[in-house]
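Subject: Structure for your review

Dear colleague,

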Amino acid sequence: MSLLRPLLKLAILSTWVFLLYTLYQRTRTPSLASAEIPVSEAEWKEPAREYWMGVYYKDQKIGYTTTTWTPNENGYDVIERAFLSPKIMGEKKEIRTATRAALGKDYALQTVDFKMESGPAAFFLTAKVEGKQIHVTLHSGADKTEQDIALTDSPRLPLTVRAMMGQRKIRPGDKYRVSVFDPSIVGQADLVVEVLAPEPVLVGGQTISAFKVHETIGTVETWSWVTEEGETLKEESPMGFTTLRESREEALYRRWPTGEDVDLIVSTSIPVSTYIAKPRALALLKLKLRTPHLDRLGNLSERQTLSGDVLTIVREKEVGTLTGRIPIKGRGLGPSLAPEVLIPSDDQEIKLYSQGALGAERAGNRAARKLAEFVYDHLEKTPLISIPDAKQVLHLRKGDCNEHAVLFAALARAAGIPTKVAVGIVYTEGSFFYHAWNEVYLTDARNRGRWVTVDSTFNQIPADVTHVKMAEGGLDKQLHVMNFVGNLSIEVLETAP
């Protein structure tokens, strides 16, 4: 246990930070949106401008952003840079991002570059709109991973949507729906914008008239305060993130904390009053959940059931009989076998590592265990704040649960094992923390299959019952977890060994 405890802390660390950061990006960085707001070229009057925003977590400053709009003969160049310096488990971390987008005069997106750096981890993505699709290239050192994503309309930026709304003068009751592609999560989603009542905002000591605006992406809600002309003064995200319009001097030099920083991980954990002894060996765990979003949890796996506000998780059957040979095929398994930009299971190097880890093994259960052991041994247990990319993780040889989950998914899919990424919470030392793991589809000798949890960070097949699943899929789907952040309390009702 002396080794497991620090490992658990590291494992849960950057999933949480990453999700916080990603949600922040949802509201602040230029994502790409296809708006249903018609704007003619004659209406287009956007002047050149630069503005700054301070970034706060629970009223404590942790960073800033700056955005510049520059007109050209074809439209606009939009550049946004962000700097965040949160405290993570007692240590200050730094995250830097840079986004540059080329827009047409109708605000339609043409190209976008997005870069994120934090410690040894770096993420660099370029994308170009080509007709009804966007061509995405992920750069990892000298390697490139490319993918074409179909679009339903000409994409635009959320920031642009507010400016376009402002050209018509924002009014309470206005409502819009846009399709969003976000480079930070390499995915699409619908963005619904609704203008609420007037609500003035205090900015730089002055009260400025504004409208409160409600935005929804998937099931995640955010709020902003926007002037009649469409300028953003303030934004609030779940979990206590706030951005506030500031001058350049204020953003760079003022309001930084002089006392003890708020620790993101500690402040967002979910403590329970009942200590769970030997959590990795339990056969049953029964929890009472209190959250206004209980209906959004659902039953996402066979091993966990929700009845009212009581969640019961039972230990899965062992995988000893699941010796069906790989590659595994079946109806509906295609998406869990397909390569993705961040999970390039068709990459030649990923295939070679997968084959090397498996050797001659073709039984599904033993192959999954070998790959989990390979990932567990291959990666140094170190917290990274990153957008996890399996190819980069393979080379860096370090990371926490995010990195373990994407690398395992890439290696397992390359071997023909249907694999998903799952996110939720896991228990350790008196609290639940946010975490990521995998699920694989294995079959027996008669080709009867079932999904099995795999946690390569803990080297567990199946994962223990304290893993509470909340979402599965790509980064856009994982943001569903944000519904519960700061809105969930847990009471331990029953445990059984």
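A residue counts as buried under 20% relative accessible area, as exposed over 50%, and as partly exposed in between. Please note that this is a predicted model.

By that definition, Lys 169 is partly exposed, because its relative accessibility is 37%. Its salt-bridge partner is Glu 229, with N and O 3.6 Å apart. Glu 229, at a relative accessible area of 44%, is partly exposed as well. Lys 169 sits in the loop between α2 (158–167) and β12 (175–182), and Glu 229 in the loop between β17 (220–226) and β18 (232–236), so the pair ties together parts that are 60 residues apart in sequence.

The structure holds 23 salt bridges. Among them is the pair of Arg 255 and Glu 246, whose closest N and O atoms are 3.4 Å apart. Here Arg 255 is partly exposed at 43% relative accessibility, whereas Glu 246 is buried at 6%. Arg 448 and Asp 444 form another, at 2.9 Å from N to O, and Asp 444 is buried, with a relative accessible area of 13%.

Turning to the helices, α5 (residues 348–358) packs with α6 (residues 364–378) at an angle of about 110°, their axes being 9 Å apart. The two are therefore roughly perpendicular, and their crossing is right-handed. Residues in the contact include Tyr 353 and Leu 358 of α5 and Leu 371 and Phe 374 of α6. The contact residues comprise six nonpolar, two polar and one charged.

With kind regards

Note on methods:
Residues numbered from 1 in each chain as written. Predicted model: local features only at pLDDT ≥ 70, side-chain atom pairs only at ≥ 80, totals over all residues. Heavy atoms only, no water. Axes fitted to C-alpha atoms, helices over the stretch in contact; angles between N-to-C directions. Helix = DSSP H or I, 4+ residues; strand = E, 2+ residues; numbered from the N terminus. Parallel < 35°, antiparallel > 145°, perpendicular 65-115°, else oblique. Left-handed = near helix turned anticlockwise from the far one by under 90°. Contact = heavy atoms within 4.5 Å. Nonpolar A, V, L, I, M, F, W, Y, C, P; charged D, E, K, R; others polar. Salt bridge = Lys/Arg side-chain N within 4 Å of Asp/Glu carboxyl O. Buried < 20%, exposed > 50% of the residue type's maximum accessible area, 1.4 Å probe, protein only.
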